[in-house]
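Colleague: I'm new to reading protein models. Could you walk me through this one?

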Amino acid sequence: MRYGFCDSAIGPLLVAIDKDGLRHVEFVQGERPIQPAPEWLRDDQALAPFVAQFEAYFAGRLQCFDLPLAARGTAFQQAVWQALCDIPYGETVSYLDIANAIGNPKAVRAVGAANGQNPLSIIVPCHRVIGRSGKLVGYGGGLPIKQWLLALEGRDFTLTP
């Protein structure tokens, strides 16, 4: 596994790849911070094309990533993550919408759990999933980061205590 970091207005992101493609995009800070595993190799040159797309996204110049994705997960998680990738830039959906999209409307809680296990933050846009009430709920990087990402995409939400 090779890794690098991408600086952003929401803090640094850990970006990791292997021979199959992008494996991790994780927040270094936030509710569930992550650090590279000791056996991973820092390789800024190999990560440069990946980081460049993140920088363009954060600058508002990129709405759709074009990177090889290689997230590991169960078949159910993979289905949820694919449904997340179908959410257009600047749009939001509920967990129920995702459950319906994968043909399992009773799996709302399982969808939430799979959403929370997404190893490709931002690329697989779990930040675009909100509660059925229309409020921001759950995000591995924390709700302020979710709010910031949605604002970047043109959606303003107020955090309620």
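Here is our chat about it, question by question.

Colleague: Before we start, what kind of model is this, and how are residues numbered?

Modeller: Residues count from 1 along each chain as its sequence is written, and side-chain values use heavy atoms, with hydrogens and water left out. Local features need pLDDT of at least 70, side-chain atom pairs count only at pLDDT 80 or more, and totals for chains, interfaces and linings use all residues, since this is a predicted model.

Colleague: Okay, in what order do the elements of the protein chain run?

Modeller: Helices (H or I, at least four residues) and strands (E, at least two) are DSSP runs, numbered from the N terminus. The protein chain has five helices and six strands. From the N terminus on, the order is β-β-β-β-α-α-β-α-α-β-α.

Colleague: What radius of gyration does the protein chain have, next to that of a compact globule?

Modeller: The radius is taken over C-alpha atoms, and the globule rule is 2.2 Å times the number of residues to the power 0.38. The C-alpha trace spans about 45 × 35 × 25 Å along its principal axes. For 161 residues a compact globule would come out near 15 Å, and the protein chain agrees, with 15 Å.

Colleague: How much of the protein chain is buried?

Modeller: Buried means under 20% relative accessible area, exposed over 50%, and partly exposed in between (1.4 Å probe, protein chains only). Of the 161 residues in the protein chain, the buried share is 49%.

Colleague: Which residues are the bridge partners of R2?

Modeller: Strands of a sheet pair through backbone hydrogen bonds, either parallel or antiparallel. β1 (residues 2–6) pairs with β2 (residues 13–18) in the antiparallel sense over five bridges, while two bridges join β1 to β4, and these run parallel. The partner of R2 in β2 is I17, and in β4 the partner is L41.

Colleague: Is β2 enclosed or exposed, and which of its residues point which way?

Modeller: Six of the six residues of β2 are buried, so the strand is largely enclosed by the rest of the structure. In a regular strand the side chains alternate between the two faces of the sheet. One way from β2 point L13, V15 and I17, and the other way point L14, A16 and D18.

Colleague: Last one: which residues does G138 contact, leaving aside neighbours within four places in sequence?

Modeller: G138 is in the loop between β6 (129–130) and α5 (143–152). With 48% relative accessibility, G138 counts as partly exposed. Contact means heavy atoms within 4.5 Å. With those neighbours set aside, G138 is in contact with Y95, L143 and K146.

Technical notes:
Two strands pair if DSSP finds at least two bridges between them.
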